[in-house]
Amino acid sequence: MTVAVLSIVVLVALFAATLLRGFDLGLGALSAAFLLGLAAGVPADKVTGFFPADFFVLIVGVTALFAAAQVNGTLDWLLDLLLRLVGGRLVLVALVPFVIGAVLTAVGTLPAAATAIVAPIALGLAARYGISPLVAAVLGVTGIISGLLSPLAVYGVTARELSTKSGIALPGSASVTFLLGGLLTGLVICAVCLLVAWRTGAVPRGRTTAPPAATGPAGTAETPGTAAPSGTSGEGAGTSGTGAGTSGTGAGTAVAAPVSAPTETTPAPRTTRAARPLTVLCLLAVVVLSVGFEMNVGYLGLTAAILLQLLLRLEPGEIVSRIPWGVVLLIGGLLTYVGLMEHLGAFKQISDMLQVEGSPVLSLLVLCYIAGITSFAASSLAVFVTAMPLLPPLVESGLSPVGGVLALALASVLVDINPLGITGGLILGAAEPSVRPRLFRQLLTYGIVSIVVAPLLAWLAFGWW
(Lines give C-alpha, C1' and ligand atoms only; values in the text may rest on other atoms or scores of the structure.)
Protein backbone atom coordinates (compact mmCIF):
# COMPACT_ATOMS: atom_id res chain seq x y z
CA MET A 1 0.00 0.00 0.00
CA THR A 2 1.43 3.37 -1.00
CA VAL A 3 1.50 6.31 1.40
CA ALA A 4 -1.05 8.12 -0.79
CA VAL A 5 -3.51 5.23 -0.48
CA LEU A 6 -2.77 5.03 3.26
CA SER A 7 -3.70 8.72 3.61
CA ILE A 8 -7.12 8.02 2.05
CA VAL A 9 -7.68 5.09 4.43
CA VAL A 10 -6.71 7.23 7.43
CA LEU A 11 -9.10 10.00 6.33
CA VAL A 12 -11.97 7.49 6.22
CA ALA A 13 -10.92 6.21 9.65
CA LEU A 14 -10.94 9.74 11.05
CA PHE A 15 -14.53 10.29 10.00
CA ALA A 16 -15.52 6.88 11.32
CA ALA A 17 -13.93 7.78 14.65
CA THR A 18 -16.37 10.69 15.07
CA LEU A 19 -18.91 8.03 16.06
CA LEU A 20 -16.85 7.46 19.22
CA ARG A 21 -17.90 9.51 22.20
CA GLY A 22 -15.38 12.21 23.08
CA PHE A 23 -13.38 12.08 19.83
CA ASP A 24 -12.42 15.51 18.46
CA LEU A 25 -11.96 15.45 14.69
CA GLY A 26 -9.82 18.60 14.52
CA LEU A 27 -7.29 17.31 17.07
CA GLY A 28 -7.37 13.87 15.44
CA ALA A 29 -6.66 15.31 11.98
CA LEU A 30 -3.66 17.31 13.23
CA SER A 31 -2.24 14.27 15.01
CA ALA A 32 -2.86 12.07 11.94
CA ALA A 33 -1.10 14.63 9.72
CA PHE A 34 1.95 14.53 12.00
CA LEU A 35 2.10 10.71 12.13
CA LEU A 36 1.45 10.32 8.40
CA GLY A 37 4.17 12.89 7.75
CA LEU A 38 6.60 10.80 9.81
CA ALA A 39 5.68 7.69 7.82
CA ALA A 40 6.10 9.55 4.52
CA GLY A 41 9.29 11.35 5.51
CA VAL A 42 7.66 14.79 5.44
CA PRO A 43 9.22 17.13 8.06
CA ALA A 44 6.96 18.51 10.78
CA ASP A 45 7.58 22.12 9.70
CA LYS A 46 6.38 21.26 6.20
CA VAL A 47 3.25 19.62 7.64
CA THR A 48 2.65 22.79 9.67
CA GLY A 49 2.94 24.75 6.43
CA PHE A 50 -0.25 23.07 5.23
CA PHE A 51 -2.23 24.73 8.05
CA PRO A 52 -4.58 27.23 6.34
CA ALA A 53 -3.46 30.50 7.91
CA ASP A 54 -5.66 32.44 5.47
CA PHE A 55 -8.66 30.49 6.72
CA PHE A 56 -7.76 31.29 10.33
CA VAL A 57 -7.63 35.02 9.63
CA LEU A 58 -10.82 34.89 7.54
CA ILE A 59 -13.08 33.09 9.98
CA VAL A 60 -11.72 34.82 13.10
CA GLY A 61 -11.98 38.26 11.50
CA VAL A 62 -15.47 37.83 10.12
CA THR A 63 -16.93 36.16 13.22
CA ALA A 64 -15.33 38.82 15.45
CA LEU A 65 -17.02 41.55 13.42
CA PHE A 66 -20.44 39.91 13.54
CA ALA A 67 -19.92 39.13 17.24
CA ALA A 68 -19.42 42.84 17.86
CA ALA A 69 -22.56 43.58 15.83
CA GLN A 70 -24.43 41.01 17.91
CA VAL A 71 -23.22 42.32 21.25
CA ASN A 72 -24.37 45.88 20.50
CA GLY A 73 -27.75 44.73 19.14
CA THR A 74 -27.23 45.76 15.50
CA LEU A 75 -27.35 42.24 14.08
CA ASP A 76 -30.77 41.55 15.62
CA TRP A 77 -32.00 44.90 14.28
CA LEU A 78 -30.77 44.06 10.76
CA LEU A 79 -32.48 40.66 10.86
CA ASP A 80 -35.74 42.30 11.92
CA LEU A 81 -35.36 44.78 9.05
CA LEU A 82 -34.95 41.93 6.56
CA LEU A 83 -38.05 40.27 7.99
CA ARG A 84 -40.11 43.43 7.51
CA LEU A 85 -38.85 43.81 3.92
CA VAL A 86 -40.24 40.40 2.97
CA GLY A 87 -43.49 40.98 4.82
CA GLY A 88 -42.89 38.24 7.38
CA ARG A 89 -43.46 35.43 4.86
CA LEU A 90 -41.20 32.64 6.08
CA VAL A 91 -40.59 31.15 2.62
CA LEU A 92 -39.34 34.55 1.45
CA VAL A 93 -37.25 34.87 4.62
CA ALA A 94 -35.52 31.63 3.62
CA LEU A 95 -34.84 33.08 0.15
CA VAL A 96 -33.09 36.20 1.47
CA PRO A 97 -29.64 34.50 1.76
CA PHE A 98 -30.01 33.11 -1.79
CA VAL A 99 -30.69 36.54 -3.29
CA ILE A 100 -27.93 38.27 -1.31
CA GLY A 101 -25.39 35.58 -2.28
CA ALA A 102 -26.30 35.70 -5.97
CA VAL A 103 -26.07 39.50 -6.14
CA LEU A 104 -22.75 39.62 -4.29
CA THR A 105 -20.95 37.13 -6.53
CA ALA A 106 -22.60 38.39 -9.71
CA VAL A 107 -21.01 41.84 -9.15
CA GLY A 108 -17.57 40.31 -8.59
CA THR A 109 -17.31 39.38 -4.90
CA LEU A 110 -15.00 36.45 -4.27
CA PRO A 111 -16.84 33.33 -3.05
CA ALA A 112 -15.11 33.28 0.36
CA ALA A 113 -15.94 36.94 1.00
CA ALA A 114 -19.53 36.41 -0.13
CA THR A 115 -19.88 33.39 2.17
CA ALA A 116 -18.45 35.40 5.05
CA ILE A 117 -21.22 37.97 4.55
CA VAL A 118 -24.08 35.58 3.78
CA ALA A 119 -23.45 32.87 6.40
CA PRO A 120 -24.21 34.98 9.51
CA ILE A 121 -27.37 36.33 7.87
CA ALA A 122 -28.57 32.89 6.76
CA LEU A 123 -27.87 31.15 10.08
CA GLY A 124 -29.18 34.11 12.07
CA LEU A 125 -32.50 33.98 10.23
CA ALA A 126 -32.58 30.20 10.65
CA ALA A 127 -32.11 30.43 14.43
CA ARG A 128 -34.74 33.11 14.89
CA TYR A 129 -37.54 31.87 12.67
CA GLY A 130 -37.50 28.09 12.84
CA ILE A 131 -35.76 27.46 9.51
CA SER A 132 -33.48 24.43 9.29
CA PRO A 133 -29.82 25.58 9.51
CA LEU A 134 -28.97 23.15 6.69
CA VAL A 135 -31.63 24.64 4.43
CA ALA A 136 -30.45 28.17 5.20
CA ALA A 137 -26.84 27.21 4.46
CA VAL A 138 -27.70 25.41 1.21
CA LEU A 139 -29.81 28.32 -0.04
CA GLY A 140 -27.13 30.87 0.81
CA VAL A 141 -24.25 28.98 -0.82
CA THR A 142 -26.44 28.04 -3.81
CA GLY A 143 -27.11 31.74 -4.32
CA ILE A 144 -23.38 32.39 -4.27
CA ILE A 145 -22.84 29.63 -6.85
CA SER A 146 -25.63 31.05 -9.02
CA GLY A 147 -23.79 34.32 -9.60
CA LEU A 148 -20.29 32.88 -10.02
CA LEU A 149 -20.47 32.67 -13.82
CA SER A 150 -21.57 36.25 -14.49
CA PRO A 151 -19.31 38.34 -16.77
CA LEU A 152 -17.98 40.20 -13.69
CA ALA A 153 -17.53 37.16 -11.42
CA VAL A 154 -14.30 35.26 -10.87
CA TYR A 155 -15.46 32.05 -12.55
CA GLY A 156 -17.00 33.87 -15.51
CA VAL A 157 -13.81 35.85 -16.14
CA THR A 158 -11.62 32.77 -15.61
CA ALA A 159 -13.72 30.62 -17.94
CA ARG A 160 -13.40 33.13 -20.79
CA GLU A 161 -9.68 33.73 -20.28
CA LEU A 162 -8.79 30.04 -20.00
CA SER A 163 -10.90 29.21 -23.03
CA THR A 164 -9.00 31.78 -25.06
CA LYS A 165 -5.60 30.54 -23.83
CA SER A 166 -6.57 26.92 -24.50
CA GLY A 167 -7.73 27.68 -28.04
CA ILE A 168 -11.41 26.99 -27.36
CA ALA A 169 -13.48 29.23 -29.61
CA LEU A 170 -16.46 30.57 -27.67
CA PRO A 171 -19.39 32.36 -29.38
CA GLY A 172 -20.07 35.99 -28.56
CA SER A 173 -23.08 35.01 -26.47
CA ALA A 174 -20.99 32.74 -24.21
CA SER A 175 -20.89 35.22 -21.31
CA VAL A 176 -24.68 35.50 -21.22
CA THR A 177 -25.03 31.72 -21.56
CA PHE A 178 -22.63 31.16 -18.66
CA LEU A 179 -24.60 33.57 -16.47
CA LEU A 180 -27.98 32.06 -17.39
CA GLY A 181 -26.66 28.51 -16.97
CA GLY A 182 -25.35 29.20 -13.47
CA LEU A 183 -28.47 31.11 -12.47
CA LEU A 184 -30.80 28.43 -13.85
CA THR A 185 -28.89 25.71 -11.99
CA GLY A 186 -29.07 27.68 -8.75
CA LEU A 187 -32.77 28.35 -9.13
CA VAL A 188 -33.53 24.66 -9.76
CA ILE A 189 -31.57 23.60 -6.67
CA CYS A 190 -33.21 26.37 -4.65
CA ALA A 191 -36.71 25.36 -5.79
CA VAL A 192 -36.14 21.67 -5.00
CA CYS A 193 -34.61 22.50 -1.63
CA LEU A 194 -37.49 24.83 -0.70
CA LEU A 195 -40.12 22.34 -1.85
CA VAL A 196 -38.63 19.51 0.23
CA ALA A 197 -38.07 21.81 3.20
CA TRP A 198 -41.59 23.22 3.04
CA ARG A 199 -43.18 19.77 2.85
CA THR A 200 -41.06 18.39 5.71
CA GLY A 201 -41.47 21.46 7.94
CA ALA A 202 -37.80 22.49 7.71
CA VAL A 203 -39.18 25.86 6.56
CA PRO A 204 -42.33 26.75 8.54
CA ARG A 205 -45.45 27.62 6.61
CA GLY A 206 -47.31 30.89 6.98
CA ARG A 207 -45.75 34.11 8.18
CA THR A 208 -44.29 35.63 11.29
CA THR A 209 -46.09 38.66 12.61
CA ALA A 210 -43.60 39.73 15.27
CA PRO A 211 -39.96 39.17 16.16
CA PRO A 212 -39.03 36.58 18.79
CA ALA A 213 -39.27 37.64 22.40
CA ALA A 214 -36.48 35.68 24.00
CA THR A 215 -32.74 35.51 23.59
CA GLY A 216 -31.03 32.24 22.77
CA PRO A 217 -27.75 30.84 23.97
CA ALA A 218 -25.67 32.42 21.25
CA GLY A 219 -27.16 35.84 21.73
CA THR A 220 -29.71 35.49 18.97
CA ALA A 221 -33.42 35.34 19.51
CA GLU A 222 -35.11 32.01 20.00
CA THR A 223 -37.11 30.42 17.25
CA PRO A 224 -40.75 31.51 17.29
CA GLY A 225 -43.23 28.75 17.69
CA THR A 226 -40.61 26.19 18.71
CA ALA A 227 -39.16 24.95 21.92
CA ALA A 228 -35.85 26.23 23.16
CA PRO A 229 -32.85 24.18 22.03
CA SER A 230 -31.80 21.48 24.41
CA GLY A 231 -28.57 19.70 25.12
CA THR A 232 -25.79 22.04 24.15
CA SER A 233 -22.67 20.04 23.53
CA GLY A 234 -19.85 22.57 23.42
CA GLU A 235 -18.18 24.53 20.71
CA GLY A 236 -16.56 21.97 18.48
CA ALA A 237 -18.47 20.64 15.54
CA GLY A 238 -17.96 17.01 14.96
CA THR A 239 -17.39 16.29 18.66
CA SER A 240 -19.42 13.88 20.66
CA GLY A 241 -22.85 14.85 21.83
CA THR A 242 -25.55 16.41 19.77
CA GLY A 243 -27.52 19.57 20.10
CA ALA A 244 -31.18 19.55 19.34
CA GLY A 245 -31.87 21.23 16.05
CA THR A 246 -34.75 23.52 15.36
CA SER A 247 -37.95 21.66 14.93
CA GLY A 248 -40.35 22.33 12.09
CA THR A 249 -43.57 24.08 12.85
CA GLY A 250 -46.96 23.14 11.53
CA ALA A 251 -49.03 24.95 9.02
CA GLY A 252 -50.56 28.22 9.94
CA THR A 253 -49.18 31.47 11.27
CA ALA A 254 -46.07 31.40 13.40
CA VAL A 255 -46.58 34.00 16.10
CA ALA A 256 -43.74 35.13 18.31
CA ALA A 257 -44.19 34.06 21.89
CA PRO A 258 -42.01 33.90 24.97
CA VAL A 259 -40.11 30.66 25.29
CA SER A 260 -38.48 28.91 28.19
CA ALA A 261 -35.30 30.52 29.36
CA PRO A 262 -32.06 28.87 28.21
CA THR A 263 -29.88 27.13 30.72
CA GLU A 264 -27.13 29.68 30.23
CA THR A 265 -28.33 33.26 30.06
CA THR A 266 -26.61 35.77 27.84
CA PRO A 267 -26.50 39.45 28.76
CA ALA A 268 -28.89 41.57 26.75
CA PRO A 269 -27.26 43.53 23.92
CA ARG A 270 -26.09 46.96 24.92
CA THR A 271 -27.37 49.41 22.34
CA THR A 272 -26.39 53.06 22.28
CA ARG A 273 -27.54 55.78 19.94
CA ALA A 274 -24.32 55.55 17.93
CA ALA A 275 -24.10 51.76 17.89
CA ARG A 276 -26.35 50.99 14.92
CA PRO A 277 -25.10 53.61 12.43
CA LEU A 278 -21.48 52.98 13.38
CA THR A 279 -21.83 49.20 13.07
CA VAL A 280 -23.68 49.43 9.75
CA LEU A 281 -20.98 51.80 8.48
CA CYS A 282 -18.28 49.28 9.46
CA LEU A 283 -20.16 46.42 7.79
CA LEU A 284 -20.60 48.44 4.59
CA ALA A 285 -16.94 49.47 4.64
CA VAL A 286 -15.86 45.82 4.89
CA VAL A 287 -18.13 44.86 1.98
CA VAL A 288 -17.05 47.77 -0.24
CA LEU A 289 -13.32 47.40 0.46
CA SER A 290 -13.34 43.62 0.02
CA VAL A 291 -15.48 43.69 -3.13
CA GLY A 292 -14.36 46.90 -4.81
CA PHE A 293 -10.69 46.93 -3.82
CA GLU A 294 -10.10 43.19 -3.26
CA MET A 295 -8.75 43.74 0.26
CA ASN A 296 -8.58 40.79 2.65
CA VAL A 297 -12.01 40.44 4.25
CA GLY A 298 -10.58 38.66 7.31
CA TYR A 299 -8.21 41.46 8.24
CA LEU A 300 -10.90 44.02 7.43
CA GLY A 301 -13.27 42.23 9.81
CA LEU A 302 -10.68 42.15 12.59
CA THR A 303 -9.95 45.86 12.17
CA ALA A 304 -13.65 46.77 12.16
CA ALA A 305 -14.28 44.60 15.25
CA ILE A 306 -11.48 46.34 17.16
CA LEU A 307 -12.82 49.78 16.18
CA LEU A 308 -16.33 48.88 17.34
CA GLN A 309 -15.01 47.40 20.58
CA LEU A 310 -13.03 50.54 21.40
CA LEU A 311 -15.53 53.16 20.23
CA LEU A 312 -18.59 51.49 21.79
CA ARG A 313 -16.68 50.31 24.88
CA LEU A 314 -17.66 46.69 24.43
CA GLU A 315 -16.14 44.01 26.62
CA PRO A 316 -13.43 42.29 24.52
CA GLY A 317 -14.15 38.99 26.25
CA GLU A 318 -17.71 39.01 24.91
CA ILE A 319 -16.41 39.25 21.36
CA VAL A 320 -13.58 36.73 21.74
CA SER A 321 -15.87 34.18 23.42
CA ARG A 322 -18.21 34.28 20.41
CA ILE A 323 -15.46 33.33 17.96
CA PRO A 324 -16.03 29.62 17.18
CA TRP A 325 -12.61 28.32 18.20
CA GLY A 326 -13.82 24.73 17.94
CA VAL A 327 -14.69 25.28 14.27
CA VAL A 328 -11.30 26.91 13.66
CA LEU A 329 -9.60 23.83 15.12
CA LEU A 330 -11.84 21.45 13.20
CA ILE A 331 -11.42 22.98 9.73
CA GLY A 332 -7.79 23.95 10.34
CA GLY A 333 -6.93 20.38 11.30
CA LEU A 334 -8.81 18.87 8.37
CA LEU A 335 -7.31 21.25 5.81
CA THR A 336 -3.83 20.56 7.19
CA TYR A 337 -4.38 16.84 6.69
CA VAL A 338 -5.93 17.36 3.23
CA GLY A 339 -2.94 19.53 2.25
CA LEU A 340 -0.63 16.68 3.20
CA MET A 341 -2.79 14.25 1.21
CA GLU A 342 -2.51 16.47 -1.84
CA HIS A 343 1.27 16.69 -1.35
CA LEU A 344 1.45 12.88 -1.23
CA GLY A 345 -0.53 12.56 -4.47
CA ALA A 346 -3.71 11.04 -3.02
CA PHE A 347 -6.04 13.09 -5.18
CA LYS A 348 -4.04 12.30 -8.30
CA GLN A 349 -4.48 8.60 -7.56
CA ILE A 350 -8.23 9.10 -7.24
CA SER A 351 -8.23 10.93 -10.59
CA ASP A 352 -6.15 8.21 -12.25
CA MET A 353 -8.66 5.60 -11.08
CA LEU A 354 -11.39 7.40 -12.98
CA GLN A 355 -9.46 7.82 -16.23
CA VAL A 356 -11.18 5.93 -19.07
CA GLU A 357 -11.24 6.35 -22.81
CA GLY A 358 -14.44 6.84 -24.75
CA SER A 359 -16.54 9.40 -26.59
CA PRO A 360 -15.94 13.10 -25.86
CA VAL A 361 -19.25 13.30 -23.98
CA LEU A 362 -18.36 10.32 -21.79
CA SER A 363 -14.86 11.73 -21.28
CA LEU A 364 -16.47 14.99 -20.09
CA LEU A 365 -18.47 13.02 -17.52
CA VAL A 366 -15.26 11.48 -16.17
CA LEU A 367 -13.63 14.92 -16.10
CA CYS A 368 -16.62 16.33 -14.20
CA TYR A 369 -16.30 13.58 -11.59
CA ILE A 370 -12.59 14.20 -11.25
CA ALA A 371 -13.30 17.92 -10.70
CA GLY A 372 -16.08 17.19 -8.21
CA ILE A 373 -14.10 14.69 -6.13
CA THR A 374 -11.02 16.92 -6.02
CA SER A 375 -13.01 20.09 -5.26
CA PHE A 376 -14.66 18.43 -2.26
CA ALA A 377 -11.55 19.06 -0.17
CA ALA A 378 -9.57 21.51 -2.31
CA SER A 379 -10.00 24.94 -3.88
CA SER A 380 -12.77 24.75 -6.47
CA LEU A 381 -11.22 27.53 -8.53
CA ALA A 382 -7.82 25.80 -8.48
CA VAL A 383 -9.46 22.56 -9.62
CA PHE A 384 -11.34 24.35 -12.39
CA VAL A 385 -8.16 26.07 -13.60
CA THR A 386 -6.30 22.74 -13.56
CA ALA A 387 -9.03 20.83 -15.40
CA MET A 388 -9.74 23.40 -18.12
CA PRO A 389 -6.65 22.51 -20.22
CA LEU A 390 -8.12 19.00 -20.58
CA LEU A 391 -11.13 20.32 -22.49
CA PRO A 392 -9.64 21.33 -25.89
CA PRO A 393 -9.15 17.71 -27.13
CA LEU A 394 -12.77 16.98 -26.25
CA VAL A 395 -13.96 20.10 -28.09
CA GLU A 396 -11.92 19.10 -31.13
CA SER A 397 -13.70 15.74 -31.03
CA GLY A 398 -17.10 17.42 -31.26
CA LEU A 399 -17.97 18.47 -27.71
CA SER A 400 -19.87 21.77 -27.33
CA PRO A 401 -17.37 24.35 -25.98
CA VAL A 402 -19.98 26.31 -24.01
CA GLY A 403 -21.61 23.18 -22.62
CA GLY A 404 -18.25 21.67 -21.70
CA VAL A 405 -17.07 24.76 -19.83
CA LEU A 406 -20.42 25.10 -18.02
CA ALA A 407 -20.53 21.44 -16.99
CA LEU A 408 -16.94 21.49 -15.72
CA ALA A 409 -17.38 24.77 -13.82
CA LEU A 410 -20.59 23.67 -12.11
CA ALA A 411 -19.18 20.23 -11.28
CA SER A 412 -16.32 22.04 -9.52
CA VAL A 413 -18.47 24.37 -7.40
CA LEU A 414 -21.62 22.38 -6.60
CA VAL A 415 -19.70 20.25 -4.07
CA ASP A 416 -18.67 23.32 -2.07
CA ILE A 417 -21.45 22.84 0.52
CA ASN A 418 -19.46 20.55 2.81
CA PRO A 419 -17.63 21.06 6.13
CA LEU A 420 -14.11 20.35 4.83
CA GLY A 421 -13.34 23.80 3.42
CA ILE A 422 -13.56 27.50 4.12
CA THR A 423 -17.21 27.60 3.06
CA GLY A 424 -18.14 24.93 5.59
CA GLY A 425 -16.05 26.58 8.29
CA LEU A 426 -17.80 29.91 7.83
CA ILE A 427 -21.21 28.21 7.92
CA LEU A 428 -20.40 26.30 11.10
CA GLY A 429 -18.92 29.41 12.67
CA ALA A 430 -22.13 31.36 12.06
CA ALA A 431 -24.36 28.66 13.56
CA GLU A 432 -25.40 28.49 17.20
CA PRO A 433 -23.07 26.26 19.28
CA SER A 434 -25.93 23.89 20.13
CA VAL A 435 -26.60 23.00 16.48
CA ARG A 436 -23.01 22.79 15.21
CA PRO A 437 -22.45 19.04 15.78
CA ARG A 438 -25.67 18.13 13.99
CA LEU A 439 -25.07 20.70 11.23
CA PHE A 440 -21.55 19.31 10.70
CA ARG A 441 -22.93 15.83 10.08
CA GLN A 442 -25.66 17.20 7.80
CA LEU A 443 -23.16 19.21 5.74
CA LEU A 444 -20.86 16.21 5.48
CA THR A 445 -23.71 13.99 4.29
CA TYR A 446 -24.88 16.65 1.82
CA GLY A 447 -21.32 17.04 0.52
CA ILE A 448 -20.77 13.30 0.04
CA VAL A 449 -24.08 12.95 -1.78
CA SER A 450 -23.23 15.97 -3.95
CA ILE A 451 -20.00 14.27 -5.09
CA VAL A 452 -22.11 11.48 -6.59
CA VAL A 453 -25.00 13.59 -7.88
CA ALA A 454 -23.66 17.05 -8.82
CA PRO A 455 -21.16 16.10 -11.57
CA LEU A 456 -23.77 13.84 -13.17
CA LEU A 457 -26.44 16.54 -13.12
CA ALA A 458 -24.05 19.17 -14.50
CA TRP A 459 -23.08 16.77 -17.28
CA LEU A 460 -26.70 15.85 -18.06
CA ALA A 461 -27.79 19.49 -18.13
CA PHE A 462 -24.98 20.98 -20.24
CA GLY A 463 -22.67 18.25 -21.55
CA TRP A 464 -25.00 17.28 -24.37
CA TRP A 465 -25.30 20.76 -25.93
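A residue counts as buried under 20% relative accessible area, as exposed over 50%, and as partly exposed in between. This scale is applied here to a predicted model.

The protein has 21 helices and zero strands. Of its 465 residues, 54% count as buried. The accessible surface comes to about 19,300 Å². Carbon and sulfur atoms account for 68% of that surface. Contacts were also sorted by sequence separation. Among those between residues at least 6 apart in sequence, 80% join residues at least 24 apart.

Two sites illustrate the two sides of the scale. Val449 lies in helix α21, which covers residues 436–462. Its relative accessibility is 45%, so Val449 counts as partly exposed. Val449 also belongs to a nonpolar surface patch of about 630 Å².

Ser375 is placed in helix α16, which spans residues 360–375. Ser375 counts as buried because its relative accessibility is 1%. Its side chain has polar surroundings on record at two backbone oxygens. The backbone oxygen of Ala371 lies 2.7 Å from a polar atom of the Ser375 side chain. For the backbone oxygen of Ser412, the distance to a polar atom of that side chain is 3.2 Å. Residues up to four places away in sequence aside, Ser375 touches Ser380, Val383, Ser412, Val415 and Asp416.

How values were computed. Residues numbered from 1 in each chain as written. Predicted model: local features only at pLDDT ≥ 70, side-chain atom pairs only at ≥ 80, totals over all residues. Heavy atoms only, no water. Patch = residues over 30% accessible without salt bridge, like charges linked within 9 Å, V, L, I, M, F, W, Y side chains within 5 Å. Areas by Shrake-Rupley, 256 points an atom, 1.4 Å probe, with all protein chains shown as cover. Salt bridge = Lys/Arg side-chain N within 4 Å of Asp/Glu carboxyl O. Helix = DSSP H or I, 4+ residues; strand = E, 2+ residues; numbered from the N terminus. Buried < 20%, exposed > 50% of the residue type's maximum accessible area, 1.4 Å probe, protein only. Polar contact = N/O pair within 3.5 Å; in protein donor to acceptor, adjacent residues only side chain to side chain. Contact = heavy atoms within 4.5 Å.
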